[in-house]
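Subject: Structure handover

Hello,

Here is the structure I promised to pass on. Please open it first, then read my notes below.

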Amino acid sequence: MATLQPTPPQPLVRIAELNHWFGRGDQRRQVLHNLHLTLNPGEMVLLSGPSGCGKTTLLTLIGALRTVQDGSLEVLGEQLLKARKSVQRRVRRQMGIIFQSHNLLRCLTATQNVQMAADLVPGLSFDQRRQHAIDLLSEIGLEDHHGKHPSALSGGQCQRVAIARALAGNPKVLLADEPTAALDRRTGREVVELLKRMATQHHCAVLMVTHDPRILDVADRLLQMEDGRLSTAQELAPL
Amino acid sequence: MRFVWRRRIPLAWCLLTRQPGRLVVALAGICFAGMLMFLQLGFRDALFDASITIYRLFNADVVVVSSTSSSSVSMEPFPQRRLFQAASWPEVESIAPVRWSLLVWKNPETGSPRAIQAVGFDPNDDILNLKSLTEQKKGLQLDQRVLYDRLSRPEFGPVEDWFNAGRTVTAEVQNTQVWVEGLVELGVSFGADGHLLTSNHTFNQLVGSSDGSSTSIELGLIRLVPGADPDAVAAALNKALPDDVQVLTKQEFLDSEQDYWREATSIGFIFNLGAAMGLVVGAVVVYQILFSDVVDHLPEYATLKAMGYSSMDLVMVILQESLLLAGFGYIPAFLAGKGIYGLARGATNLPIVMSSQMAIFVFVMIFVMCIISGLLAMGKIRDADPAEVF
Ligand SMILES: Nc1ncnc2c1ncn2[C@@H]1O[C@H](COP(=O)(O)OP(=O)(O)OP(=O)(O)O)[C@@H](O)[C@H]1O
Ligand SMILES: [Mg+2]
């Protein structure tokens with residue numbers, strides 16, 4: 001499936017001098033200040049920081065879900081500053097996103113939910129995409145729950161389906177925003193470990209926002225954000 | 001950009017069927033709208049159609065009527081001379097004078113009076129292309145004999161039953177006794193609850209001419225020689241004959257009758273309004289369903305956008321939903337419409353049928369209704385902001 005990146009590795013995400021503002025006129029407030037960041041293939045990077053410091057904003061910018069206002073933001077070789085809608089969509093398709101709540105489609109089964117992402121992959125037949133979805137669900141240990149709707153699954157199971165869905169489009173980058181926030185401690189730990197395992201198997205870099213200090217040990221690199229400014233966590237305060 | 005169809009998850013179907021209760025409400029709304037349209041438009045068409053049932057049967061190429069006649073219910077007499085004048089035209093093959101008036105018929109069972117459309121003509125003429133008339137008109141050569149339209153409203157009495165049971169049926173028309181000599185099949189219309197065919201001699205006697213003669217008639221039917229152009233002859237006759245008559249081709253005659261009911265009365269408007277009401281009610285229901293569906297699923301739609309689905313993809317889902325609703329709502333509406341038509345036919349004798357035109361028209365209307373509702377509901381899709389789902 002995924003091919004190994006040629007050496008030297010091209011960064012998947014390259015951010016330079018990124019600024020972002022919310023609001024207009026008097027209300028205008030800068031939430032991201034002169035950010036620099038690179039994300040390399042296969043890396044697992046954790047981003048933490050106090051509430052309201054701008055973590056989600058950064059994630060939505062990288063995910064091409066929000067329009068970049070100022071600075072350079074290159075994702076998978078595409079410049080997102082002044083990017084067109086079609087470029088945004090292309091970037092979105094090559095990225096897996098996991099939300100705080102699982103955001104599964106309530107009307108679809110687990111398999112169908114995963115296949116919604118696989119359906120965006122060009123070239124495969126319907127049955128191949130379905131099989132891909134089933135394989136992913138088996139990989140995350142939900143082989144007995146293929147035909148179940150989200151309402152029949154536990155929170156942890158739903159979040160696992162969401163991980164499978166995020167991986168179904170064969171992404172090179174996974175973005176996760178507090179994927180464990182809605183789960184109890186043990187399930188949260190399991191889900192993060194699963195995320196890590198799956199990301200490694202699928203050669204996928206991960207940028208994950210988390211408040212949970214218990215899971216910081218899975219990271220290759222820790223980033224700390226404060227008031228819209230980034231620093232590496234080690235420099236600030238070792239946890 | 002996808003140019004080839006790719007099999008995908010049937011999202012629209014899954015969204016619709018997730019809440020069966022809501023789906024049933026939507027389908028009921030569409031079904032109601034369709035039924036109302038079938039009912040209103042069916043009656044409208046049937047009534048307009050029925051208004052010319054007998055006109056259509058007239059065995060004529062050109063028709064002469066009084067210039068003050070505007071419809072079958074306001075047929076004025078004109079001098080029979082005019083028709084004889086026309087007969088001298090070289091293109092005219094034959095003429096047939098016809099008397100036409102509402103007369104009072106007393107129900108032979110209860111004695112209650114009611115106006116019936118009476119048509120008087122020379123039994124030697126073939127004024128209607130109606131087999132039952134051709135076969136039975138000889139019987140009209142005797143005085144006070146009539147042929148009765150068996151599709152007349154039941155208020156005129158159990159004439160058909162009695163006649164078929166072999167009884168001698170007599171009734172009072174304009175206080176004169178007449179014998180029912182046979183049955184024909186014509187059908188009711190706006191202007192006529194029933195029909196009575198008789199000889200012009202009897203007709204004249206019924207309206208007060210003791211010797212059964214009259215110099216005026218209400219209708220002059222003209223047959224042309226083969227190959228003659230009715231438009232040209234009608235135009236020429238119109239020019240040559242005095243202003244007290246107007247000469248129409250048969251088609252003009254049919255059209256003017258239908259136009260009268262369509263335009264000079266508010267009947268068409270009322271039925272169209274009824275149909276439009278159905279459409280509006282249906283559209284509101286479908287819009288409500290689709291709108292609440294979109295609002296309900298807004299975070300999910302936003303998630304789909306975040307995954308890389310375009311707004312267009314989502315718009316297509318809503319459109320598919322509206323098409324599915326249209327399709328599944330139409331089926332019960334069609335069946336109900338057919339049922340209603342059957343009942344209406346039995347109760348009114350109107351020629352109300354499920355024509356393929358009607359079936360297609362109502363389907364198109366439901367289709368358009370659902371699409372419009374879908375388009376309105378779609379505006380909400382823009383609110384699905386993928387940046388807000390985190
Ligand atoms: N759509 C918006 N409009 C205006 N201000 C916003 C909007 N979204 C976020 N903000 C503001 O931007 C700042 C950063 O928000 P963001 O959601 O990125 O924080 P966060 O680090 O993810 O916080 P949390 O840990 O609570 O999720 C906050 O002060 C927030 O109030
Ligand atoms: Mg956040």
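Predicted model: local features only at pLDDT ≥ 70, side-chain atom pairs only at ≥ 80, totals over all residues.

Residues are numbered from 1 along each chain as written, chains are lettered from A and ligands numbered from 1 in written order, and side-chain values use heavy atoms, without hydrogens and water.

Ligand site

Ligand 1 is surrounded by 13 residues (a heavy atom within 4 Å). The closest include A:Arg29, A:Lys55 and A:Thr57. The site is shared between chains, because residues from chains A and B surround ligand 1. Helix α1(A) gives the largest share of the shell, three residues (helices are DSSP runs of H or I, at least four residues; strands are runs of E, at least two).

- A:Thr57, side chain to a ligand 1 oxygen: 2.5 Å.
- A:Gly54, backbone to a ligand 1 oxygen: 3.0 Å.
- A:His211, side chain to a ligand 1 oxygen: 3.1 Å.

The protein covers 65% of the 630 Å² of accessible area that ligand 1 has on its own (Shrake-Rupley, 1.4 Å probe).

Strand β10 of chain B

β10(B) spans residues 219–224, and five of its six residues are buried (under 20% relative accessible area, 1.4 Å probe, protein chains only). β1(B) joins β10(B) antiparallel through four bridges (pairing takes at least two DSSP bridges). There, B:Val62 stands opposite B:Ile222. β3(B) also pairs antiparallel with β10(B), over six bridges. B:Ser94 has B:Arg223 as its bridge partner in β10(B).

Best wishes

Conventions: Buried < 20%, exposed > 50% of the residue type's maximum accessible area, 1.4 Å probe, protein only. Polar contact = N/O pair within 3.5 Å; in protein donor to acceptor, adjacent residues only side chain to side chain.
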